[in-house]
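Here are my notes on this one, point by point. Have the structure open as you read.

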Amino acid sequence: IRFLTAGESHGKALTTIVDGFPSNFKLNSEYINYQLKRRQSGYGRGLRMKIENDKVEILSGVRFGKTLGTPISLIIKNNDWENWQTKMSVTEVDEHIEKITIPRPGHADLVGISKYNFDDIRNSIERSSARETAARVAAGSVARKFLEEFGIHIGSYVESIGGIYSKEDFYEKLFKNDLQPSFTGKKLNLQSDKSQVRVLDEEQEKKIINKIKLAKKNGDTLGGTFIVVATGVPVGLGSFVQYDRRIDAEIAHSIMSINAVKGVEIGAGFYSAENFGSQSHDEIIISKNKFSRKTNRAGGIEGGITTGLPIIVRAAMKPIATLMSPIESVDLSKMKKVLSRRERSDFVAVPACAVIAESMLAWSVAKFFLEKFGGDSIEETKENYLNYNSKLFNR
Ligand code: EPS
């Protein structure tokens, strides 16, 4: 499977073409819109989210509510385009449009104009903006819907914002296999989506909201950490035979590709680095002639292959680079020291980032799932899946 996105932040629309999914599974725009709405939410978002009400239009690949096995093309219109028609015109305009020449530290402004030989940072801002992730959520929602056919559910929660963690360490709990099998990604979202910042602890939520208020007051921004899980994943996706067939490598790539993500961890990765091997691995136990693992510190992946336990990914998002209280930069047109430019933005987008990560994780799991089970129709994929499961050792 593959997808490409296109579209500038203040252009007419975002588009994506999703290719390689089998025919005959149900898909409609309401399903995708629900995920798009989740991406727009979270305390700390900026004014743009008040302008946009992201809705997808399915242009191809679906008939009578079911996939055709043909490329699925999706479009999300930018409401804000109305205010940017001249500034973002595809054709030349007579009007003088002021160029942006002061790069925001931490954003793609400086590297973007250097690489693409621009003298206007606007050309770089537009595509590097996290607005593009709306198209990714749309593409990832197709993958998510496909995975649901096999009881695979993706969920997430925010672990911390601005260094504020819960007293209760839910992350550690995730490594205990005793959460299984009733724990699902879907259930996790039912809980985290209730919170304005997608945390699992009300006390923590209050503290975080206060800290976001402080950041807003100071014209500053905050980052944080979040956890994404996939439950119901079968044993055997991915492989150790080549570096690019390891599913942990694939997942790290897709999560790291999200704007502002600076760290990705699978399972108890960094914890294990500080502890003994005996505290880090998942003991294999046998009961009623069936084996299982005592814990899930591996985060559902051993040797680049899924173990059948939940995939657990943790990621760190840096604070958004657009600051209302600017920091030092340079005006490139005058080559003079100045304060960086203000631009409308979010103060915190960690809750949204976790939702985007769900879509990216869904994509990676679906990619390896279809590589293993194939099929041109969902019926064929299911047959292959059931056949594999019936022959699976220790099923
Ligand atoms: C975003 C849209 C953007 C930003 C944000 C994410 O819209 P605008 O630039 O018009 O305010 O709110 O992008 C960034 C934080 C960024 O640094 O690029 C969205 O749709 O998620």
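1. Start with Asn289, found in the loop between β11 (284–287) and β12 (290–293); strands here are DSSP runs of E of at least two residues, helices are runs of H or I of at least four, and both are numbered from the N terminus. Asn289 has a positive phi of about 65° although it is not a glycine. Most residues other than glycine have a negative phi. Asn289 counts as exposed because it has 6 C-beta neighbours inside 10 Å (exposed means 12 or fewer other C-beta atoms within 10 Å of its own, buried 20 or more, partly exposed in between, with C-beta atoms placed from the backbone).

2. Bear in mind that this is a predicted model, where local features need pLDDT of at least 70, side-chain atom pairs count only at pLDDT 80 or more, and totals for chains, interfaces and linings use all residues. Residues are numbered from 1 along each chain as its sequence is written.

3. Asn24 also deserves a look: its phi is positive, about 75°, although it is not a glycine. Asn24 lies in strand β3 (residues 23–26) and is partly exposed, with 17 other C-beta atoms within 10 Å.

4. Now the helix pair. Helix α1 (residues 29–40) packs on helix α12 (residues 350–373) at about 145°, with the axes 7 Å apart; axes are lines fitted to C-alpha atoms over the stretch in contact, and angles run from 0 to 180 degrees between N-to-C directions. From α1 come Gln35, Arg38 and Arg39, which meet Ala352, Val355, Ile356 and Ser359 of α12 (contact means C-beta atoms, placed from the backbone, within 7 Å). The residues of this contact divide into three nonpolar, two polar and two charged (Ala, Val, Leu, Ile, Met, Phe, Trp, Tyr, Cys and Pro count as nonpolar, Asp, Glu, Lys and Arg as charged, the others, Gly among them, as polar).

5. The UniProt record, an unreviewed entry, places a "binding site" feature at Arg39 and Arg45; such annotations may be inferred rather than shown by experiment. Is Arg39 buried or exposed? Arg39 is buried, with 27 other C-beta atoms within 10 Å. Leaving aside neighbours within four places in sequence, its contacts include Thr133, Ala134 and Val137.

6. Arg45 sits in the loop between α1 and α2 (48–51). Arg45 counts as partly exposed because it has 18 C-beta neighbours inside 10 Å. Beyond four places in sequence, Arg45 is in contact with Asp346 and Ala349.

Notes
Two residues are in contact if their C-beta atoms, placed from the backbone, lie within 7 Å.
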